[in-house]
Amino acid sequence: MKILVTGGLGFIGSHTVVELQNVGFDVVIIDDLSNSSVEVIDGITTITNKKPLFEKLDLKIKSEVKDFFNRHNDIAGVIHFAASKAVGESVNDPLKYYENNINALIYVLQELTKLNKKNFIFSSSCTVYGQADELPITENAHVKPAESPYGNTKQIGEEIIRDTCRANGDVNAIALRYFNPIGAHPTAEIGELPVGVPQNLVPYITQTAIGIREKLSVFGGDYATRDGTCIRDYIHVVDLAKAHVVALQRLIGSKNDSNFEFFNLGTGTGSSVLEAIQSFEKVSGKKLKYQIEDRREGDVISAYAETSKANNILGWKTELTLDDAMASAWKWEQKIRNK
Ligand code: UFG
């Protein structure tokens, strides 16, 4: 079965392509290479012994999207990762985010509705919950007004899909609300490749440990949490990738309860920034240079997933730990710096 993975050379996309190929799907990747590299294909090929098809294509160009689907009308499912994802950048350049994340989604959905098999997996985020009133966060928690244009594109994206499913009974979609994806493939053949100064915690940690950054700034040490730092649900990217395969199989096997479903993807365990640092230090054997500094604007204090819906209905749960994720991220950082 042929599966289209948009943004398939990105961090989560590439790990998902590996898991799809591991269970026998044929994958065609679309990526515009704006935040990824063609070399990722080599990593995927080394891990799986199978080279995925790849087309460099800009999903914001409607005619190109149409042309692609005309040539690939045998696609059995679409996993849509392609999107811009830097929260801060989205505040400064909101129109880039609305154009990249919304136009592309609409063009892909327009073509999806013409296929024989209309199965769609959407890359959503726990950002839709903002600072939830209750922890752990269930899928019934209110969707709060978005803190950033990036977050808003995930909310609007889900609404566009919900409306599309309502109007087209034969479209089947699942939105996956990720908590904090981290780590790399255990082979260190693929991993996260942030451009410039990392905005996210784990690549900042590994770049500091390897000497590219002087020290990690811990944003805020006076939050009302067990050690004063923010709490997140860090999920290993390999576990996350496997959830996409399970969700796709749910749609292909018509096991879904309704034609638009959404699931939280997290471990269910919250870890503080200091606990994440401790985990890194333990698995790497290195002491990390860090300093507690001012809070970062827009950070929620605490977010971790209630996982029973994903566990019981989707039939998926995480198998890897924070330590596993840190060890894989560290192995990857060392590999890309040839050390
Ligand atoms: N942090 C630091 N120092 C850093 C980077 C991060 O202390 O240099 C802290 C943050 O303050 C936060 C935690 O580490 O407490 C995690 O921060 P990340 O930037 O790694 O992740 P976020 O939880 O902020 O971001 C994630 C996703 C976004 C999504 C957001 C919504 O990466 O895509 O959740 O809450 F929008």
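Guide: What follows goes through the domain interface, then the ligand site, the salt bridges and some backbone details. This is a predicted model, in which local features need pLDDT of at least 70, side-chain atom pairs count only at pLDDT 80 or more, and totals for chains, interfaces and linings use all residues. Residues are numbered from 1 along each chain as its sequence is written, and side-chain values use heavy atoms, with hydrogens and water left out.

The protein is divided into domain 1 (2–181 + 236–265) and domain 2 (201–231 + 268–337), with bounds that come from an automatic or database domain assignment. Their C-alpha centres lie 24 Å apart. To the contact (heavy atoms within 4.5 Å), domain 1 gives 22 residues and domain 2 gives 20 residues.

The size of an interface is often given as the accessible area lost when the parts come together. Here domain 1 and domain 2 bury about 2,000 Å² between them, and 66% of that is on carbon and sulfur atoms. Buried area is the accessible area (1.4 Å probe) that two parts lose on being put together, summed over both.

Between domain 1 and domain 2 the count is 1 salt bridge, a salt bridge being a side-chain nitrogen of Lys or Arg within 4 Å of a carboxyl oxygen of Asp or Glu. The side chains of Glu319 and Lys242 meet in a salt bridge, at 3.9 Å from N to O.

On the side of domain 1 that touches domain 2, helix H8 (237–252) and strand S11 (260–265) are the elements that give two or more residues. Helices (H or I, at least four residues) and strands (E, at least two) are DSSP runs, numbered from the N terminus. H8 gives the most to that side, with 7 residues.

Turning to the ligand, a backbone N or O atom of Ser217 lies 2.7 Å from a ligand nitrogen atom.

The salt-bridge rule gives a count of 24. In one of them, the closest N and O atoms of Glu275 and Arg226 are 2.7 Å apart. Glu275 lies in helix H9 (residues 273–284) and Arg226 in the loop between strand S8 (216–219) and strand S9 (231–232), so the pair ties together parts that are 49 residues apart in sequence.

Last, the backbone: Leu135 and Pro136 are joined by a cis peptide bond, with omega about -10°. Pro136 is in the loop between strand S5 (119–125) and helix H6 (149–167).

Key:
A polar contact is a pair of N or O atoms within 3.5 Å; within protein, one must be able to donate a hydrogen and the other to accept it, and residues adjacent in sequence count only if both atoms are side-chain atoms.
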